[in-house]
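Here are some notes to go with your first look at this structure. Keep the viewer open while you read, and jump to each spot as it comes up.

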Amino acid sequence: MVKSLNESLSYFKHTISDLIKSGKNISIISHLDCDGLTSASIIGKALFREGIRCTISTTNEFNNNLVDRLSNDSRDFHIITDLAGGFANTLDEKLGEDWLVLDHHEIPEEEYDNERVINSWKFGIDGGLEICAGGMTYLASKSLNKKNEDLAAIAVISAIGDRQDKGERKSFTGKNLDILNTAKSNGQIDVDLDLLLVGRETRPLSDALAFTSQPFIEGLTWNRSSCLALLNSSGIPLKEKGRWRVPAELSDDEKRHLIETISKFATGKNMTEILEELIGYTFTFPKEDQRSFLRDVREFSTVLNSCGRISKSGVGISICMGDRHRMLQEGEKILSEYRKKIRDYMNVLSNERWRTAENMNCVMVNGEGVVPEMMTGTITSIIAGSPKNTGKIVILRTNGEEGMIKFSSRKSNTCNLNINLSSLMRTGAAKFDGVGGGHDAAAGAKITKDKLDDFLDYLEGNVTNLQDPNNTQ
Ligand code: C5P
């Protein structure tokens with residue numbers, strides 16, 4: 001029988017309280033993206049507060065080898081966050097009752113009855129939109145001790161990192177909204193309707209405009225010199241005391257003037273849509289320094305993603321847990337390294353045209369030898385965000401370790417194709433002895449190289465003939 005969310009949280013509380021009483025030690029294993037790092041930080045902080053001994057580690061993927069490693073581990077109990085969908089039976093077999101999972105990925109229904117799986121979907125909460133693993137770990141931590149309510153602010157970063165700001169004007173819905181409201185009433189976060197420029201607190205205005213690709217403004221996006229020229233012509237002062245001003249420093253009048261300037265530049269280019277996308281909800285940590293990359297929640301989430309993706313998860317977790325000294329400088333370095341790597345991979349993929357094949361529904365990109373496995377999700381999301389791929393599915397593949405091929409798939413904006421990528425990847429990978437899963441709009445899979453042609457045929461067969469229900473032609 002599936003329990004309610006409250007019953008499940010109380011199971012969590014009692015299990016952990018028993019471990020605390022008996023002085024057991026715990027390992028936390030989490031995914032290495034923003035949601036994974038925030039989840040590990042939330043649960044880690046909650047356990048440290050109870051005085052429990054625990055260690056945190058992160059991984060790019062959950063697999064049988066990892067379960068074997070856990071079963072030989074000296075720790076007494078394992079909390080797995082943002083991972084392990086589809087592994088409940090294996091975990092039961094290898095770890096007995098000494099584990100639990102806090103997650104939001106879609107899982108097979110047969111896992112619903114396992115009390116150790118605390119997954120949003122089994123309580124009727126959409127894990128793709130209404131809550132992520134950070135939200136689930138926050139709820140669990142709060143059930144342990146009410147004082148963990150201050151961890152709501154970290155859970156907001158998870159939801160942004162997993163792009164769950166899909167409500168009107170990039171707002172939150174469902175449990176995410178409740179968590180946001182808690183952080184707001186704790187005075188930890190400010191929410192405003194503002195210009196959605198990338199790098200609100202850190203990038204010079206012209207760069208922020210150039211690097212904002214949603215909305216995509218022909219002639220401005222990815223064109224720093226034309227952005228600078230436009231802004232110079234607007235009369236908005238771009239520097240203050242010799243330092244470039246950042247978007248967050250503009251007054252309301254200057255913001256209005258900037259919008260007018262962009263409107264004139266983009267005349268006739270579906271201006272309403274551009275403005276719709278340009279103005280939305282921003283989330284700010286008022287206690288962080290101005291012009292710090294930790295002040296704007298979207299920038300914070302980018303830093304965490306970059307830490308995980310270039311194997312510096314510890315830095316991201318330390319920052320989430322409150323380190324504001326050495327780790328902050330490290331974070332800054334990691335972010336610029338991460339951005340450089342992304343630019344390099346994107347340059348190769350766009351210069352080597354043979355790597356991309358597309359049809360009406362799908363863009364297939366071969367990133368073998370270029371994109372490292374850990375960066376596939378990031379690069380697939382960027383390709384899916386490009387305006388020329390609007391409405392399509394993007395599937396990128398690259399080499400994994402030990403003769404494996406890693407696939408990463410994303411639905412682009414406004415993709416209405418009637419397919420669930422999580423099922424596509426899970427079912428397909430299972431057919432060819434691999435592992436896959438994820439969400440409706442973002443999923444991954446891994447297969448052995450000898451199955452590549454068959455898996456590509458499977459993808460093509462399932463994606464090419466899909467119908468867009470909104471396109472009646
Ligand atoms: O690897 P990638 O970033 O493309 O994965 C997209 C989403 O699918 C992530 O949230 C990831 O955790 C999830 N995923 C999964 N099971 C897999 C592979 C990916 O749940 N086997």
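The points below go from the overall layout down to single residues.

1. A word on the source before anything else: you are looking at a predicted model. Keep that in mind for each of the points that follow.

2. Start with the layout. The chain splits into domain 1 (5-189), domain 2 (193-346) and domain 3 (354-464). Take domain 1 and domain 3 as a pair: their centres, taken over C-alpha atoms, lie 26 Å apart. The two do meet, with twelve residues of domain 1 in contact with twelve residues of domain 3.

3. Next, have a look at the second largest pocket, which has a volume of about 390 Å³. It is lined by 19 residues, and those closest to its centre are Ala153, Ile154, Gln188, Glu288 and Arg324. By type, the lining divides into ten nonpolar, six charged and three polar residues. Domain 1 and domain 2 each give at least three residues to this lining.

4. Which helix gives the largest share of that lining? That would be helix 6, with three residues. Helix 6 (152-161) is joined by helix 2 (34-49) and helix 13 (313-320) in the list of helices that each supply at least two lining residues.

5. Stay with helix 6 for a moment. Ten of its ten residues are buried, so the helix is largely enclosed by the rest of the structure. Just past the end of helix 6, check Arg163, which takes a positive phi of about 55 degrees.

6. Now for Ser120, which sits in the loop between strand 5 (117-119) and helix 5 (133-144). Is Ser120 buried or exposed? Its relative accessibility is 0%, so Ser120 counts as buried. Leaving out residues up to four places away in sequence, Ser120 touches Asp103, His104, Ile125, Asp126, Gly127, Ile131 and Met136. For a sense of distance, His78 is 42 residues away from Ser120 along the chain, and their C-alpha atoms are separated by 19 Å.

7. Over to strand 15 (residues 442-448). Five of its seven residues are buried, so this strand is largely enclosed by the rest of the structure. Strand 15 runs antiparallel to strand 13 (residues 404-411), and seven bridges join the two; one to look for is Ile405 with its partner Ile447 in strand 15. Strand 15 also pairs with strand 14 (residues 435-438), again in the antiparallel sense, over four bridges. There, Gly437 has Gly444 of strand 15 as its bridge partner. Strand 14 and strand 15 make a hairpin, with three residues between them.

8. Strand 12 (residues 393-399) is worth a visit too. Six of its seven residues are buried, so strand 12 is largely enclosed by the rest of the structure. In what sense does strand 12 pair with strand 11 (residues 362-366), parallel or antiparallel? They pair in the parallel sense, over five bridges.

9. Some backbone details to check by eye. A cis peptide bond joins Gln214 and Pro215, with omega at about 10 degrees. Pro215 lies in the loop between helix 8 (205-211) and helix 9 (224-234).

10. With a relative accessible area of 38%, Arg291 is partly exposed. Thr414 has a positive phi of about 60 degrees and is found in the loop between strand 13 and helix 16 (421-431). Thr414 is exposed, with a relative accessible area of 56%.

Note on methods:
Residues are numbered from 1 along each chain as its sequence is written. This is a predicted model: local features need pLDDT of at least 70, side-chain atom pairs count only at pLDDT 80 or more; totals for chains, interfaces and linings use all residues. Side-chain values use heavy atoms; hydrogens and water are left out. On a 1 Å grid over the protein atoms alone, a cavity is a set of points where a 1.4 Å probe fits but cannot get out, and a pocket is an open set with protein on both sides within 12 Å along at least five of seven lines; lining residues have an atom within 4 Å of a point. Grid points are joined across faces, edges and corners, and a volume is the space filled by probe spheres set on the points. Ala, Val, Leu, Ile, Met, Phe, Trp, Tyr, Cys and Pro count as nonpolar, Asp, Glu, Lys and Arg as charged, and the others, Gly among them, as polar. Domain bounds come from an automatic or database domain assignment. Buried means under 20% relative accessible area, exposed over 50%, partly exposed in between (1.4 Å probe, protein chains only). Two strands pair if DSSP finds at least two bridges between them. Contact means heavy atoms within 4.5 Å.
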